[in-house]
Amino acid sequence: MVLFFSSTVTNPPTVIYMGRDKVENEELIKYAWPQDLWFHVDKLSSAHVYLRMPESMTWDAIPEALLIDCSQLVKANSIEGNKKDNITIIYTPADNLKKTGDMAVGQVSFHNDKRVKRVHIAKRENPIVNRLNKTKVERQVDHEQEKVDRIKKESAVRRAAAAEKKKADLDLARQREAEKAARSYDSLFSGTPDEDEDGAGEPKKTGRDLEDDFM
């Protein structure tokens, strides 16, 4: 089972979720969305808490209030960390989590330590924890199906973006061709005809003048 929470410090509210136990934590390590953020108490046992990142948000620019919500939830779900003051919470994108076969259930490391950030939590803030707990919903999740649905949706978005770019490129190419053709047409009628060497300096004759010459 997965526990879902709603942080109302953002508008619209942001989803935070975590596994009910270490077995579910193992599933979340495997199936968490790559762009989600993973939170854990540094150097202590705790729940694995994830932030479902909105599309408009980047992981290195999380609103401070949302960062505190996630950190307080992690602290509250650490047996040892919940009793201590001045603890450190670490967080990183889920695609930075590294899992090898020799690790214990729920244990992880990182592909890149430079992508791990830290936030200091001085003490438990009960108003924050209580607010989040009031939004808690427990739900059975089909992780494999959710992954399939997510990939289909992301693929559809990429295809639509590619089609839009292709159309924009085609429109731009047509516009440039039209401008090029217009310039060629203008230059055809705006240039001064070359004068014969023998008639250099003489006024250009009109059609009437030419008729008079002929007669």
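Start by selecting K123, in the loop that runs between β8 (117–121) and α3 (126–133). The model is a predicted one. Is K123 buried, partly exposed or exposed? Its relative accessible area is 47%, so K123 counts as partly exposed, since that class lies between 20% and 50%.

Now show the surroundings of K123. Leaving aside residues up to four places away in sequence, K123 touches Q72, K75 and D85.

Next, select α2 (residues 64–76) together with α3. The two helices pack with their axes 9 Å apart, at an angle of about 90 degrees. α2 is therefore roughly perpendicular to α3. To display the contact, pick I68, D69, Q72, L73 and A76 on the α2 side, and I128, V129, R131, L132 and N133 on the α3 side. Coloured by residue class, this contact shows six nonpolar, two polar and two charged residues.

Finish with strand β1 (residues 2–7). Five of the six residues in β1 are buried, which leaves the strand mostly covered. Which strands pair with β1? One is β2 (residues 14–19), antiparallel to β1 over six bridges and reached from β1 by a hairpin of six residues. Select F5 to find I16 of β2 opposite. Another is β9 (residues 137–139), also antiparallel to β1, with three bridges.

Note on methods: Residues numbered from 1 in each chain as written. Predicted model: local features only at pLDDT ≥ 70, side-chain atom pairs only at ≥ 80, totals over all residues. Heavy atoms only, no water. Helix = DSSP H or I, 4+ residues; strand = E, 2+ residues; numbered from the N terminus. Buried < 20%, exposed > 50% of the residue type's maximum accessible area, 1.4 Å probe, protein only. Contact = heavy atoms within 4.5 Å. Axes fitted to C-alpha atoms, helices over the stretch in contact; angles between N-to-C directions. Parallel < 35°, antiparallel > 145°, perpendicular 65-115°, else oblique. Nonpolar A, V, L, I, M, F, W, Y, C, P; charged D, E, K, R; others polar. Pairing = 2+ DSSP bridges.
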